[in-house]
Amino acid sequence: MENRNKFETLPLIPLRGLSVFPFMVLHFDVGREKSVKALEEAMLRDQHIFLTTQRDIDVDLPTIDDFYQIGTVSKIKQMLKLPGDSIRVLVEGLYRAEISSLKTTEPFFEVDVVIHHDSEHQKDVETEAMMRTVLRTFEKYVSVSSKISPEVILSVSSIDEPGRFADVISSQLVLKTEEKQQIIEAYVPKKRLEIIHEILIKEIEILEVEKQINDKVRTHINKMQKEYYLREQLKMIKKELGEENDLDDEIDDMNMQLKKLKLSKKIDEKLKKEIDRLGKMSSSSAEGNVIRNYVNWILDLPWNKQTKDTLDLKKARKILDEDHYGLKLVKERVLEYLAVRQLTKSMKGPILCLVGPPGVGKTSVAKSIARSLNRKFVRMSLGGVRDEAEIRGHRRTYIGAIPGRIINGVKEAGTKNPLFLLDEIDKLNGDFRGDPASALLEVLDPEQNKEFIDNYLEVPFDLSKVMFITTANSLSTIPRPLLDRMEVIEVSGYTEDEKINIAERYLISKQLKEHGLSSDNISISEDALRSVINHYTRESGVRELERKIATISRKAAAKIVEEKINTLRVTKRNLDKYLGVERYKYDEIYAEDQIGVVTGLAWTSVGGVTLSVEVTPMKGTGKLVLTGQLGDVMKESARAGLSYIRSVADRYEIEEDFHEKYDIHIHIPEGAIPKDGPSAGVTMATAVVSALTKRPINRYVAMTGEVTLRGRVLPIGGLKEKSLAAKRAGIKKVLIPFDNIKDLEDIPNSVKKIIEFIPVKTMDEVLEHALVNEEKKDEN
């Protein structure tokens with residue numbers, strides 16, 4: 001009977017690392033979107049699908065050139081949905097087919113295929129002989145290989161059709177993708193049998209060589225076992241002769257160290273058991289080395305060693321003041337701890353979290369605290385840490401396992417009461433390896449950390465004497481349970497005068513020393529420093545200021561060497577020769593009072609800034625236009641302010657239907673910079689009232705606060721930084737929410753002398769102070 005070829009249109013799935021033969025039943029997982037859709041389409045039709053093999057398994061989005069043109073038409077027997085949107089499918093290979101044309105690639109591959117059934121004519125003598133030869137060769141392959149059950153031979157020998165016989169044998173072989181494809185592409189059964197016979201002979205040769213290698217390895221292992229037995233005998237002989245044994249000496253040393261440590265009964269028994277196991281092993285065995293490392297780790301930990309705290313408050317205060325200017329709250333908290341320690345003689349180490357912008361000295365103050373307390377200092381950076389094992393350690397079952405960085409830090413310190421700095425705790429991340437933030441919950445809980453168990457050590461270690469200090473730039477990314485275990489101390493940015501003091505006391509002398517200069521060679525005037533702070537840096541801390549002083553030092557060093565000058569003086573007038581043109585310029589107040597323009601105050605990561613809110617009403621249909629890259633919160637504040645103005649329009653002689661006659665455009669300059677937050681609510685509302693009433697705003701007034709629909713002014717944050725920005729801009733009066741009165745304590749006296757702070761409860765009070773009265777306009 002002739003080979004029946006016909007055409008079919010079928011969905012296609014390219015398989016990665018798999019080949020399906022006719023009469024073969026197997027299951028595989030489908031996860032790619034196109035493949036899932038192809039499965040779904042096949043189920044809607046007759047459950048037939050065309051399966052072919054992908055040339056490169058690493059290609060995620062294959063095209064028609066990425067998979068073979070000849071494959072197997074299969075029937076879907078079963079589908080099972082798995083977690084994660086993948087599907088496990090059971091299929092049965094039916095017959096070979098070849099792609100004749102690609103119909104579509106979206107939303108799945110659909111192809112026209114030419115079907116190739118095996119010819120059904122009677123077997124000739126040559127084919128029968130070939131089948132017998134292949135069967136004998138396959139029997140030999142099964143006897144050499146341990147991967148195929150002998151029962152397979154019985155099922156294969158009962159098959160009479162040459163094509164099916166060849167396909168069933170092929171499905172049992174472990175072959176490369178190219179070899180499998182070669183068999184699939186052989187349409188003629190006789191040719192298929194020849195290819196399989198050739199592959200079987202080659203595989204038998206490889207398996208026989210593998211068997212020889214395994215026999216050699218087994219002989220070598222037997223030899224090693226024999227050597228171990230002889231070594232044990234030799235050990236006993238040496239013992240009888242009284243000769244020294246290195247392992248015995250090592251175990252004796254371990255037992256002696258263990259005795260000196262005077263550990264708890266539970267830990268002592270566990271360690272003795274491990275030491276006894278080590279004594280029974282060969283000194284060169286791999287497991288012996290694992291046990292040795294484990295025992296040494298435990299013995300090296302400072303179980304009973306601790307430094308004596310310096311309880312002299314005056315000395316501690318002197319050290320803290322020597323190293324850092326300001327940071328009043330941090331220093332007070334350390335001195336309070338010392339005072340309580342002096343009274344109680346025992347106290348758990350506090351867990352502090354220093355939160356503030358970059359460069360304000362959070363990390364460096366931790367070193368000073370350690371020095372003032374006479375404690376060892378250990379720093380661990382948590383930025384980018386994703387693996388829980390970094391904190392808790394790896395279990396001993398893993399090769400190369402070590403304890404976590406907490407235990408490692410304590411070991412390096414050599415005492416059980418060091419000052420442990422966990423830097424950048426807000427930068428922790430979790431992934432499939434675990435959540436380090438959750439692992440820190442036990443470390444930073446005074447009720448739990450007295451029995452901290454590292455995964456590697458598997459015994460409790462007391463961390464309650466450790467003084468933990470963490471640092472962060474923001475509290476928003478720290479998980480709430482972790483934050484709850486820490487005492488938060490906010491470290492705000494420095495004022496201009498504080499930066500001047502820090503530069504004169506610490507930074508200049510440090511940079512001069514690093515650049516081989518002294519105060520005799522170079523002097524920097526106070527005006528020059530103020531100019532550097534205001535016009536060459538924009539930050540809450542002093543890192544960039546220190547870099548600018550380093551730049552001045554380098555330029556000065558080059559000038560001294562080249563021009564043979566002994567002394568240099570840097571002033572505001574010649575500063576540009578060292579640092580170039582000014583990089584930043586702070587906003588200044590307008591020369592005259594403006595209509596629809598109000599000065600607002602905002603907080604950023606580099607400190608406070610002033611924002612000019614501009615409002616222009618235009619004839620229109622009542623649209624509200626907001627520009628200047630405003631965030632959602634700021635947009636909602638503008639809408640709330642506008643709704644309030646509509647409700648009190650008659651009070652300020654504003655047309656009641658202004659929201660129908662005019663479009664109102666609110667713009668905040670510097671449009672390239674994103675802005676968000678509710679604290680500009682009163683500023684935008686005031687600017688709208690000014691624009692609609694045509695009454696100018698007092699140019700010396702700035703404001704901050706959130707506005708409600710009822711016109712109440714709600715509190716805001718960052719008042720200290722905002723007041724410094726107002727001072728720089730020349731503002732004389734700042735309107736603040738009434739509930740922020742408590743924050744006035746944090747504002748430097750130098751600012752309070754220049755600026756009048758007026759607490760307000762309602763928008764009526766804001767407008768009373770901000771709008772210029774016509775009769776008083778000339779006086780102002």
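A crossing of two helices is left-handed if the near helix is turned anticlockwise from the far one by less than a right angle, and right-handed if clockwise. Helices (H or I, at least four residues) and strands (E, at least two) are DSSP runs, numbered from the N terminus.

This is a predicted model, in which local features need pLDDT of at least 70 and side-chain atom pairs count only at pLDDT 80 or more, while totals for chains, interfaces and linings use all residues. Residues are numbered from 1 along each chain as its sequence is written, and side-chain values use heavy atoms, with hydrogens and water left out.

**Two helix pairs**

Two packed helices are described by the angle between their axes and the distance between the axes. Axes here are lines fitted to C-alpha atoms, for helices over the stretch in contact, and angles run from 0 to 180 degrees between N-to-C directions.

Take α11 and α12 to begin with. Their crossing is right-handed. Helix α11 covers residues 328-344 and helix α12 residues 362-373; their axes come within 11 Å and cross at roughly 25 degrees. The two are therefore roughly parallel (angles under 35 degrees; over 145 is roughly antiparallel, 65 to 115 roughly perpendicular and the rest oblique). V330, V334, Y337 and L338 of α11 make the contact with V365, I369, S372 and L373 of α12 (contact means heavy atoms within 4.5 Å). By class, this contact has seven nonpolar residues, one polar and no charged. Ala, Val, Leu, Ile, Met, Phe, Trp, Tyr, Cys and Pro count as nonpolar, Asp, Glu, Lys and Arg as charged, and the others, Gly among them, as polar.

Now α17 (residues 496-514) and α18 (residues 526-535). Their axes come within 10 Å and cross at roughly 115 degrees. These helices are therefore roughly perpendicular. α17 passes α18 in a right-handed crossing. On α17 the contact residues include E496, K499 and I500; on α18 they include L529, R530 and I533. This contact has five nonpolar, one polar and six charged residues.

**Helix α24**

A725 lies in helix α24, residues 719-729. A725 is buried, with a relative accessible area of 3% (buried means under 20%, exposed over 50%, partly exposed in between, with a 1.4 Å probe and protein chains only). Leaving aside neighbours within four places in sequence, A725 touches G608, V609 and T610. Nine of the 11 residues of α24 are buried, so the helix is largely enclosed by the rest of the structure. Among the buried ones are L719, K720 and L724. Just after α24, G730 takes a positive phi of about 90 degrees.

**An aromatic pair**

Rings of Phe, Tyr and Trp (its six-membered ring) pair if their centres lie within 6.5 Å; planes under 30 degrees apart count as stacked, over 60 as edge-to-face and the rest as tilted. The count comes to five aromatic pairs. One of them, F67 with F109, is edge-to-face, at 5.4 Å centre to centre and 75 degrees between the planes. F67 sits in the loop between β3 (48-53) and β4 (70-81), while F109 is in strand β6 (residues 109-116), 42 residues apart. Both are buried.

**Backbone details**

A cis peptide bond joins E106 and P107, with omega about 0 degrees. P107 is in the loop between β5 (87-104) and β6.

| Residue | Phi | Loop | Relative accessible area |
|---|---|---|---|
| E424 | about 55 degrees | between β9 (419-423) and α15 (436-443) | E424: 25%, partly exposed |
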